[in-house]
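This report describes selected features of the structure shown below.

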Amino acid sequence: MNFNDITKILLDFARNGLGAPILIMVILAMLVLPLPPFLLDMLFTFNIALSLIVLLVVVYALRPLDFAVFPSFLLVATLLRLSLNVASTRVVLLEGHNGGDAAGKVIEAFGGLVIGWLLYASAVAHEREG
């Protein structure tokens, strides 16, 4: 199966209106099946990029009807984020004892950012007290 065959299958799904139901089934499968850290990193990156694209579209829309699909899109994006939260929590709880990057590079980087910010905020708060 080559790239052209896959593209043709995806276009057939879009024409028949099966794209959204299959996407929702994949999102629901993410809630049940364990995901490898690399795939989780890719999905987190896709989620962040999708959020930025939606933000730019909303900011640059001239009329409300320019982005009329927003409520439906927001529902699917929220389901994606929920399934990513469940999948990442499962990976952290199952593989977290193997090291900082066992749950994926994106989770490790975000954890380092949060911990660094908490250390900075606690140092500033401690300095103000004393």
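Tyr60 lies in helix H3. In this predicted model, Tyr60 has a relative accessibility of 64% and therefore counts as exposed, the cut-off being over 50%. Tyr60 is also one of the residues of a nonpolar surface patch of about 670 Å², which is made together with Ile48, Leu52, Leu55, Leu56 and Val59.

Helix H3 covers residues 37–60, and its end C-alpha atoms are 35 Å apart; this agrees with the 34 Å that 24 residues should span at 1.5 Å a residue. Several residues of H3 are buried, namely Leu40, Asp41, Leu43, Phe44, Asn47, Leu50 and Val54.

Although buried, Asp41 has no salt bridge. The side chain of Asp41 does, however, reach the backbone nitrogen of Lys105, at 2.9 Å.

The structure holds one salt bridge. Its partners are Asp66 and Arg63, whose closest N and O atoms are 2.9 Å apart. Asp66 is partly exposed, whereas Arg63 counts as exposed.

Relative accessible areas of individual residues are collected here.

| Residue | Relative accessible area | Class |
|---|---|---|
| Pro36 | 44% | partly exposed |
| Tyr60 | 64% | exposed |
| Arg63 | 55% | exposed |
| Asp66 | 38% | partly exposed |

Pro36 is found in the loop between helix H2 (19–32) and H3. At 44%, the relative accessible area of Pro36 falls between the limits of 20% and 50%, and the residue is therefore classed as partly exposed. The C-alpha atoms of Pro36 and Ser88 are separated by 9.7 Å, although the two residues are 52 residues apart along the chain.

Helix H1 comprises 14 residues, 3–16. From its first C-alpha to its last, H1 reaches 20 Å, close to the expected 20 Å at 1.5 Å a residue. How many of the residues of H1 are buried? The number is zero, so H1 lies largely in the open. Gly17 follows H1 and has a positive phi, near 80°.

Technical notes:
Residues are numbered from 1 along each chain as its sequence is written. This is a predicted model: local features need pLDDT of at least 70, side-chain atom pairs count only at pLDDT 80 or more; totals for chains, interfaces and linings use all residues. Side-chain values use heavy atoms; hydrogens and water are left out. Helices (H or I, at least four residues) and strands (E, at least two) are DSSP runs, numbered from the N terminus. The expected span of a helix is 1.5 Å times one less than its number of residues. Buried means under 20% relative accessible area, exposed over 50%, partly exposed in between (1.4 Å probe, protein chains only). Patches are made of residues with over 30% relative accessible area and no salt bridge: like charges are joined within 9 Å, nonpolar side chains (Val, Leu, Ile, Met, Phe, Trp, Tyr) within 5 Å. Accessible areas come from the Shrake-Rupley method with a 1.4 Å probe; for residues, only the protein chains shown count as cover. A salt bridge is a side-chain nitrogen of Lys or Arg within 4 Å of a carboxyl oxygen of Asp or Glu. Lys and Arg count as positive and Asp and Glu as negative; His and the chain ends are not counted. A polar contact is a pair of N or O atoms within 3.5 Å; within protein, one must be able to donate a hydrogen and the other to accept it, and residues adjacent in sequence count only if both atoms are side-chain atoms.
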